[in-house]
Amino acid sequence: MRVHAELFRSSTFLVVTLLLAVCLISAEKPEAAAMSKTRIVLLGTGNPAPLPDRSGPATAIVVNDTAYLIDLGPGVVRRAEAAAVSRGIKALEAIRLRVAFVTHLHSDHTVGYPDLIFTPWTIGRRVPLEVYGPIGLKAMTEHLLEAYRVDIETRTNPNGNQRAFPDGTKVNAYEIKTGQIYKDENVTVTAFATKHAMESYGYRFETPDRSIVVSGDTNPTQATIDACHGCDVLIHEAHTPAWLATRPERFQQFSAKYHTTTPELADLAREAKPRLLILYHYSSLSAEELFDDMLARYSGHFVIGRDLDVY
């Protein structure tokens, strides 16, 4: 009997110990869940062509339920809302879009800018938009606000339906240089110069759990390699040589100076060493041709970005 009693006490001790361990693990879960989880959402992976399945270039980095946009191609607000609905990312609801970064001022990267200013405001955004980008951004912003002056005045006059929150139409535009340009409790953003047909920048985002580099439009640069330097994710443009061969000679000459081919991207990625390479703003004969071309040249982990992909 004594033996049975000892076994009972031992078994009881073991069960209680296991229950305590489970309780401790359960108690830790809310704290773990509260930790930052950075998500990358490809809102638009397209190029200037009006492709029905690829919206204009735009990327969102979401940290702690706050969204940061990079580039404002056509359809950016509706793509963001689509991500909020279909992917359950509430930070991308249109009314919550408040901070954006522009790599350069070409139209395919900025046509969505007035959409970002006015659409969220018309549905209730009450605070100014914060936008960072190259020299010329302030003038672009001022001209857009002037272009829509009648709209603003109509919506904010005594009979206007937005008269109670006029600040939602305001924009704080910041013209940047290289170096750290933005910091809050979620992200530190550093700009680095890239090589395009105008003043242009790439951006490195440091969050509590990831480092992400976005190239924008550019020829391969050492600055991009240095900005990544083993980063978690590098998001980079690319053209395939086969697609480029179908373009007019003038564009081929332009591309050689200001864009990146897949062979060049493979070389760059081998030096930059990202954990994941995402191709976006790409041009190719097909998605399969682009994938096969990269696979033949680069042994690292890469994916071909599609609109509304989340990483």
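**Ground rules.** I worked on a predicted model, where local features need pLDDT of at least 70, side-chain atom pairs count only at pLDDT 80 or more, and totals for chains, interfaces and linings use all residues. Residues are numbered from 1 along each chain as its sequence is written, and side-chain values use heavy atoms, with hydrogens and water left out.

**The sheet.** I took helices (H or I, at least four residues) and strands (E, at least two) as DSSP runs, numbered from the N terminus. Two strands count as paired if DSSP finds at least two bridges between them. I found an open sheet of seven strands with mixed pairing, in the order β7-β8-β9-β10-β11-β12-β13. Its edge strands, β7 (179-183) and β13 (302-304), each pair on one side only.

**Neighbours of β11.** I looked up β11 (residues 233-239) and saw it pair with β12 (residues 276-283) in the parallel sense over six bridges. Val233 stands opposite Leu276 in β12, and Ala238 stands opposite Tyr282. On β10 (residues 211-214), three bridges join that strand to β11, again parallel. There, Val214 stands opposite Ile235.

**Burial.** Which way do the side chains of β11 point? Val233, Ile235, Glu237 and His239 point one way, and Leu234, His236 and Ala238 the other way. I noted seven of the seven residues of β11 as buried (under 20% relative accessible area, with exposed over 50% and partly exposed in between, using a 1.4 Å probe and protein chains only).
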